[in-house]
Amino acid sequence: MPEPTPVQRAIGDFAPKLVDLTEEVLFGDIWERPELAKRDRSLITVASLITSSSFEQLWAHLRLAKENGLTETELKEAIMHLAFYAVWPKAMSAIQVAKQIFAE
């Protein structure tokens with residue numbers, strides 16, 4: 001029997017599809033696949049983090065979005081579009097984080 005992967009050790013085999021998805025995102029080549037541009041993946045990830053209130057992860061992903069070619073204006077516009085779905089205070093907090101990232 002093969003050695004369990006890091007994800008399998010962390011969450012077990014109770015959700016094989018979740019294990020596969022997590023393997024691809026954390027340890028796979030998902031960021032290198034040509035089907036979706038890196039900047040689009042970054043934008044999707046940032047939007048998900050904002051709507052789920054995962055601000056502790058937002059900093060790193062906003063930096064990655066910047067590296068992947070998204071501009072401060074594009075990110076702010078996308079965040080503003082989320083305001084009615086993510087609740088206004090979350091969107092405003094995310095804009096403040098984006099400003100700090102682009103000021104670095």
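Buried means under 20% relative accessible area, exposed means over 50%, and partly exposed lies in between (1.4 Å probe, protein chains only). By that rule, 26% of the 104 residues of the chain count as buried.

This is a predicted model, where local features need pLDDT of at least 70 and side-chain atom pairs count only at pLDDT 80 or more, while totals for chains, interfaces and linings use all residues. Residues are numbered from 1 along each chain as its sequence is written, and side-chain values use heavy atoms, with hydrogens and water left out.

**Stop 1: the whole chain**

Show the chain as a cartoon. There are six helices and zero strands. Read along the sequence, the pattern is α-α-α-α-α-α. Helices (H or I, at least four residues) and strands (E, at least two) are DSSP runs, numbered from the N terminus.

Now think about contacts, meaning heavy atoms within 4.5 Å. Take the contacts between residues at least 6 apart in sequence: 49% of them join residues at least 24 apart.

**Stop 2**

Two packed helices are described by the angle between their axes and the distance between the axes. Axes here are lines fitted to C-alpha atoms, for helices over the stretch in contact, and angles run from 0 to 180 degrees between N-to-C directions.

Select α3 and α4. Their axes come within 9 Å and cross at roughly 160°. That makes α3 roughly antiparallel to α4. The cut-offs: under 35 degrees is roughly parallel, over 145 roughly antiparallel, 65 to 115 roughly perpendicular, and the rest oblique.

Which way does α3 pass α4? The crossing is left-handed. A crossing is left-handed if the near helix is turned anticlockwise from the far one by less than a right angle, and right-handed if clockwise.

Show the side chains. From α3 come Ser42, Thr45, Val46, Leu49 and Ile50. They meet Gln57, Leu58, His61, Leu62, Leu64 and Ala65 in α4. By class, the contact of α3 with α4 has seven nonpolar, four polar and no charged residues. Ala, Val, Leu, Ile, Met, Phe, Trp, Tyr, Cys and Pro count as nonpolar, Asp, Glu, Lys and Arg as charged, and the others, Gly among them, as polar.

Pick Leu64, in helix α4. Leu64 is partly exposed, at 27% relative accessible area. Leu64 and Ser42 are 22 residues apart in sequence, yet 6.9 Å apart in space, C-alpha to C-alpha.

**Stop 3: α4 against α6**

The axes of α4 and α6 come within 10 Å and cross at roughly 50°. That makes α4 oblique to α6. The crossing is right-handed. Contact residues of α4 include Phe55, Trp59 and Arg63. On the α6 side, look for Lys90, Val97 and Ile101, among others. The contact of α4 with α6 divides into nine nonpolar, two polar and three charged residues.

**Stop 4: α5 against α6**

The axes of α5 and α6 come within 7 Å and cross at roughly 165°. The two helices are therefore roughly antiparallel to each other. α5 passes α6 in a right-handed crossing. Among the contact residues are Leu75, Ile79 and Met80 of α5, and Trp88, Ile95 and Phe102 of α6. How many residues of each class are in the contact of α5 with α6? Twelve are nonpolar, none polar and four charged.

**Stop 5: the salt bridges**

Side chains of opposite charge can pair when their charged atoms come close. A salt bridge is a side-chain nitrogen of Lys or Arg within 4 Å of a carboxyl oxygen of Asp or Glu. The structure holds three salt bridges.

- Select Arg39 and Glu74: their side chains meet at 2.7 Å, N to O. Arg39 lies in helix α3 (residues 38-51) and Glu74 in helix α5 (residues 72-86), so the pair ties together parts 35 residues apart in sequence. Arg39 is partly exposed at 27%, and Glu74 is partly exposed at 31%.
- Select Glu104 and Arg63: the closest N and O atoms are 2.7 Å apart. Glu104 is in the segment after α6 (88-103) and Arg63 in helix α4 (residues 55-67), 41 residues apart. Glu104 is exposed at 56%, whereas Arg63 is partly exposed at 33%.
- Select Lys76 and Glu72: the closest N and O atoms are 3.0 Å apart. Both lie in helix α5, four residues apart, about one turn of the helix. Lys76 is partly exposed at 24%, and Glu72 is partly exposed at 25%.
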